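Visitor: I would like to go through this model in some detail. Please show it, and then take my questions in turn.

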Amino acid sequence: MIDILVDIHLAEGISNDRKFHRRFEADSVDLINPIFEKYGVTREMFDTTMYMYSRYPNLMDEVYNEVLIDLNIMLDENDQEQE
């Protein structure tokens, strides 16, 4: 679940960039469905899992803490490569 959420946030971050919208005409469904395919899940499976996690806020916090850690590691690695 963490890997899926990381990829979704990366895709949404990229697609929110103005340069992206100038070059491509894609909406979030076009970007999210390949992520589900990559991990072998359907939209329904993802939505059901998110619903279950939302019933347990402490568990959802733990999941999102891991997502944020992974995204921050990627950001740090990217910053180091650019230096």
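Visitor: Which residues does D7 touch, not counting residues up to four places away in sequence?
Guide: This is a predicted model. D7 lies in helix α1, residues 2-15. With residues up to four places away in sequence left out, D7 touches I35, K38 and Y39.

Visitor: With which side chain does the side chain of D7 make a polar contact?
Guide: K38 is one of the residues that D7 touches. The side chains of the two also make a polar contact, at 2.9 Å.

Visitor: Is D7 buried or exposed?
Guide: A residue counts as buried under 20% relative accessible area and as exposed over 50%. The relative accessible area of D7 is 16%, so D7 is buried.

Visitor: How far apart in space are V67 and D7, C-alpha to C-alpha?
Guide: V67 is found in helix α5, whereas D7 lies in helix α1. In sequence, V67 and D7 are 60 residues apart. In space, their C-alpha atoms are separated by 9.5 Å.

Visitor: What is the relative accessible area of V67, and which residues does V67 touch?
Guide: V67 is buried, because its relative accessible area is 0%. Leaving out residues up to four places away in sequence, V67 touches I2, L5, V6 and H9.

Visitor: Which residues have the most contacts inside the largest nonpolar core?
Guide: This core has 14 residues. The elements giving two or more residues to this core are α1, α3 (28-39), α4 and α5. Its largest share, five residues, comes from α1. Those with the most contacts inside the core are I4, L5, I8, F36 and F46.

Visitor: Which residues is F36 in contact with, leaving aside its neighbours within four places in sequence?
Guide: F36 is among the residues with the most contacts inside the largest nonpolar core. With those neighbours left aside, F36 is in contact with I4, I8, V41, T42, R43 and F46.

Visitor: How are α4 and α5 oriented to each other?
Guide: Two packed helices are described by the angle between their axes and the distance between the axes. The axes of α4 (residues 43-54) and α5 (residues 57-82) come within 7 Å and cross at roughly 120°. The two helices are therefore oblique to each other.

Visitor: How many nonpolar, polar and charged residues has the contact of α4 with α5?
Guide: From α4, M50, Y53 and S54 meet P57, L59, M60, V63 and Y64 in α5. By class, this contact has seven nonpolar, one polar and no charged residues.

Visitor: Among contacts between residues at least 6 apart in sequence, what share joins residues at least 24 apart?
Guide: The chain has five helices and zero strands, in the pattern α-α-α-α-α. Of its 83 residues, 20% count as buried. Among contacts between residues at least 6 apart in sequence, the share joining residues at least 24 apart is 69%.

Technical notes: Residues numbered from 1 in each chain as written. Predicted model: local features only at pLDDT ≥ 70, side-chain atom pairs only at ≥ 80, totals over all residues. Heavy atoms only, no water. Helix = DSSP H or I, 4+ residues; strand = E, 2+ residues; numbered from the N terminus. Buried < 20%, exposed > 50% of the residue type's maximum accessible area, 1.4 Å probe, protein only. Contact = heavy atoms within 4.5 Å. Polar contact = N/O pair within 3.5 Å; in protein donor to acceptor, adjacent residues only side chain to side chain. Axes fitted to C-alpha atoms, helices over the stretch in contact; angles between N-to-C directions. Parallel < 35°, antiparallel > 145°, perpendicular 65-115°, else oblique. Nonpolar A, V, L, I, M, F, W, Y, C, P; charged D, E, K, R; others polar. Core = buried A, V, L, I, M, F, W, Y, C linked by side-chain atoms within 4.5 Å.
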